Amino acid sequence: MKVLKFGGTSVGTAEALQQVKRIVEGRSESVIVVVSALGGVTDQLLRAAGMAEKGDRAYAATFESLAARHRELVAELFGDAPGALMETLAGQLDTLRTRLDGVCTLKVLPEKTRCEIVSYGERMSSEIIAALIEGATLYDALDFIRTFPQQGRHLLDSHATEKLVREAFADFGEMAGRAGHDAAGGLVEGCHPRPDRGSRIAIVPGFIARDSASGDITNLGRGGSDYTASILAAALDAEALEIWTDVDGFMTADPRIIKTSYVIDTLSFAEAMELCNFGAKVVYAPALYPVYPKDIPVHIKNTFNPDAQGTTIRNQAGDGRPVTGIASIGDIALVTLSAPSMVGLIGIDSRLFGALSRQEISVFLVSQSSSETGITFGVANADAEAARRTVDEEFAPEISHGAMRPATVEKDLAAVAVVGEGLKYAKGIAGKLFTILGRNGIGVLACAQGSSDYNISLVVEQKYLRKSLNVIHDSFFLSEYQELNLFICGIGTVGGKLIEQIRGQRERLMRERNLKLNIVGIARSTKALFSRDGVDSDDFRQRLETEGMPITPERLRDEVIGMNIFNSVFVDCTASPQIAALYKDFFAHSISVVTANKIAASSDYANYKDLKETALKRGVKFLFETNVGAGLPVINTINALKNSGDRIEKIEAVLSGTLNFIFNTISADIPFSQTVKMAQEQGFSEPDPRIDLSGKDVIRKLVILSREAGYRVEQSDVEAHLFVPDDFFDCSMEEFWAKLPSLDAQFEKERQRLEAEHKRWRFVAKMENGQYSVSLREIPEGHSFYVLDGSNNIILLTTERYHLHPMLIQGYGAGADVTAAGVFADIMSIANI
Ligand code: ADP
Ligand code: ASP
Ligand code: MG
């Protein structure tokens with residue numbers, strides 16, 4: 001014989017009930033089927049009762065919708081002539097309505113009445129299910145589940161219950177088994193609340209009970225149908241207990257919060273109890289106690305996917321993995337009792353917990369410092385003030401003498417529990433937990449280990465709960481692959497290419513590098529799309545226009561920080577100073593920044609330094625390799641040289657792909673002005689080509705390289721020898737383009753001279769002995785800058801080690817493809833931390 005329990009989620013709709021029918025009728029063994037109220041009905045009943053108590057007539061509407069739901073369900077399941085079942089339900093609904101009306105008239109809701117009202121959920125659902133399942137007999141749990149009162153709660157009277165259950169089910173399954181047929185009658189008989197002995201399928205309403213002494217209706221607490229099922233399984237020595245719900249099994253974490261959680265095949269009772277006590281709602285924690293000592297296996301199964309293997313809970317050794325699952329409790333508060341020294345103060349703990357228990361305040365986490373100067377304990381937010389008062393009253397004499405301080409309360413926190421039998425043997429788990437939380441900017445406010453060997457509990461701010469669960473889950477369960485969550489700002493040529501490249505590489509990275517790149521945000525100047533599940537669909541440009549939320553830089557910052565996603569990277573593919581101004585806030589919230597935007601790294605030295613230091617302090621990355629030489633490894637090389645003890649003495653470089661393109665393209669047929677236009681059209685130049693022509697872009701790059709090489713330099717320290725007169729920069733864009741051809745003749749004359757002298761123009765940036773300059777130089781044949789095609793860059797690094805023969809880096813220095821690839825490489829290097 002097995003006990004099967006179907007929760008509210010499994011009995012909420014006609015389709016779900018048909019599914020339940022198939023599962024139960026398909027069984028060859030005898031089964032006791034425990035059922036919950038239709039999903040949501042218990043909440044509705046409690047709401048209606050609460051409204052009636054306050055005299056709020058709206059309870060009638062709640063009642064009506066609940067009544068209609070049951071009637072419609074019956075009509076859907078049985079057609080128009082449900083007969084006796086409809087009568088039974090009508091009788092139950094009448095009594096329920098009378099009780100609610102009574103409460104409303106008197107404006108009092110005694111516990112006894114509240115329990116009776118809420119019992120109708122299971123009483124009605126069990127009637128419907130008993131009628132639906134062929135050969136089923138309804139057993140009334142009120143006949144055999146008994147409770148007694150303690151501190152305002154109803155606790156199981158196990159002795160009385162066990163005896164009554166055995167009596168009620170004395171002949172259950174036996175005769176049917178022997179006779180080899182179903183003894184129960186059809187639909188109408190199934191509605192009788194009296195057991196038909198010999199039936200092979202028993203239907204039992206979960207949750208509801210009676211008080212042993214008074215006989216009043218009570219219940220086993222929210223989620224208590226699991227408990228009813230377990231009590232029956234234990235009392236009747238069932239072969240197994242099956243909990244049928246709406247998920248494929250017991251998962252590594254709450255699947256509503258952790259999208260990557262997965263089903264755990266087997267769990268020990270100890271592990272399951274820890275997880276359920278800590279908020280894993282999949283099984284009501286007390287439900288594990290009756291079956292545990294008898295080692296009756298518990299199977300968690302999905303009503304909507306019955307072929308899935310599910311989870312088995314039983315007494316067994318773990319699979320060696322230190323952590324089996326994680327769970328959490330939100331909305332808690334920490335209360336701290338402290339003293340200059342509690343050493344020598346006798347019986348503090350017992351007085352403390354005695355006082356709390358007299359006030360019926362439950363404590364689910366305790367942390368005490370070894371120097372005995374403080375005890376911190378966790379209670380529900382709602383109990384926090386009462387807990388503080390209780391503690392202050394209990395220790396009033398000590399507080400008035402100054403031997404103790406008044407209790408303090410910190411609210412809006414959450415506790416995360418990491419559970420696994422393997423924790424007994426594993427080393428360094430707490431350290432790993434603190435490190436990964438710290439790296440994601442999450443502080444741990446209290447920690448408890450050891451109340452059981454299977455549980456490490458950490459308290460964090462409530463606002464970090466989701467993120468904490470994610471980072472912990474990611475590092476303990478998904479070590480097979482790592483995730484990075486990207487916010488991409490700017491979808492021009494570079495940003496657009498980057499999104500394309502990420503999409504193209506995603507599969508391979510998962511397969512070969514165990515890295516999962518999620519684009520969780522895409523923004524352009526005034527619009528943004530965000531999604532925890534990823535927004536990198538093919539039509540993101542279109543979706544930005546139609547679904548994107550309007551943004552300003554500040555709004556963008558608040559959204560990115562507000563999403564509070566673990567392992568976040570902000571990728572700046574804009575040239576905007578307003579976006580560059582956001583980096584510091586990102587670092588402060590443990591978000592790394594990868595940027596193709598040169599503004600920040602070339603801004604005031606103090607700002608540059610501050611950004612680098614903030615990132616370092618917060619343990620996040622600030623990467624801007626593409627600021628110089630697009631995808632060429634220039635900044636990384638300088639850092640590698642410096643880190644290995646070398647010293648950069650001199651930098652000479654052609655750093656403007658745009659200018660190099662212009663001076664390589666200019667010819668007898670293509671005048672200077674046209675080369676500028678071509679550079680812009682082909683995407684080599686900055687959107688405003690004057691940033692290139694004015695040398696500003698090269699100055700920024702030289703400043704960035706010199707700073708990375710260890711020099712303190714400002715843009716104003718760089719001497720600029722320009723080749724376009726000043727007045728070209730002070731006018732409008734239109735005027736600029738109109739005036740530009742006026743320079744063509746002079747350039748052509750000079751070009752012919754250079755050609756004759758076998759020289760070429762190169763716009764060279766130079767750093768040496770504290771001198772910084774950019775200038776258009778005439779490079780003779782044979783010089784390493786002479787042959788430099790298209791938009792290529794070249795960088796010569798003279799260092800202590802590379803002294804006689806400087807190190808040379810050369811290649812494409814501009815273009816969306818290589819720049820996007822450089823940004824991509826920076827992102828990948830974060831994944832490698
Ligand atoms: P039922 O109505 O069947 O009793 P519950 O809602 O009480 O269902 O419990 C099932 C729910 O528990 C799941 O839908 C899931 O959202 C939640 N849950 C929380 N933690 C876990 C976990 N670790 N594994 C599986 N489900 C979990
Ligand atoms: N119907 C009750 C509740 O919602 C019991 C249960 O479903 O387990 O809490
Ligand atoms: Mg439940």
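A polar side-chain atom of Lys 5 lies 3.1 Å from an oxygen atom of ligand 1. This is a polar contact, that is, a pair of N or O atoms within 3.5 Å; within protein, one must be able to donate a hydrogen and the other to accept it, and residues adjacent in sequence count only if both atoms are side-chain atoms.

The model is predicted, so local features need pLDDT of at least 70 and side-chain atom pairs count only at pLDDT 80 or more, while totals for chains, interfaces and linings use all residues. Residues are numbered from 1 along each chain as its sequence is written, chains are lettered from A and ligands numbered from 1 in the order in which they are written, and side-chain values use heavy atoms, with hydrogens and water left out.

To continue with ligand 1: the side chain of Thr 9 places an N or O atom 2.9 Å from an oxygen atom of the ligand, and for a polar side-chain atom of Thr 245 the distance to a ligand oxygen is 2.8 Å. Of the 580 Å² of accessible area that ligand 1 has on its own, the protein covers 91%; such areas come from the Shrake-Rupley method with a 1.4 Å probe, and for residues, only the protein chains shown count as cover. Ligand 1 is surrounded by 17 residues, each with a heavy atom within 4 Å of it.

A polar side-chain atom of Glu 122 lies 2.6 Å from a nitrogen atom of ligand 2. Arg 222 has a side-chain N or O atom 2.7 Å from a ligand oxygen, whereas Gly 224 contributes a backbone N or O atom, 3.4 Å from an oxygen atom of ligand 2. The protein covers 86% of the 260 Å² of accessible area that ligand 2 has on its own.

I turn now to the helices, which are DSSP runs (H or I, at least four residues) numbered from the N terminus. Helix α15 (residues 429-439) packs against helix α16 (residues 465-477) at about 125°, with the axes 10 Å apart. That makes α15 oblique to α16. In the second pair, α24 (residues 635-643) and α28 (residues 696-708), the angle is about 20° and the axes are 9 Å apart. These two helices are therefore roughly parallel to each other. Axes are lines fitted to C-alpha atoms, for helices over the stretch in contact, and angles run from 0 to 180 degrees between N-to-C directions; under 35 degrees counts as roughly parallel, over 145 as roughly antiparallel, 65 to 115 as roughly perpendicular and the rest as oblique.
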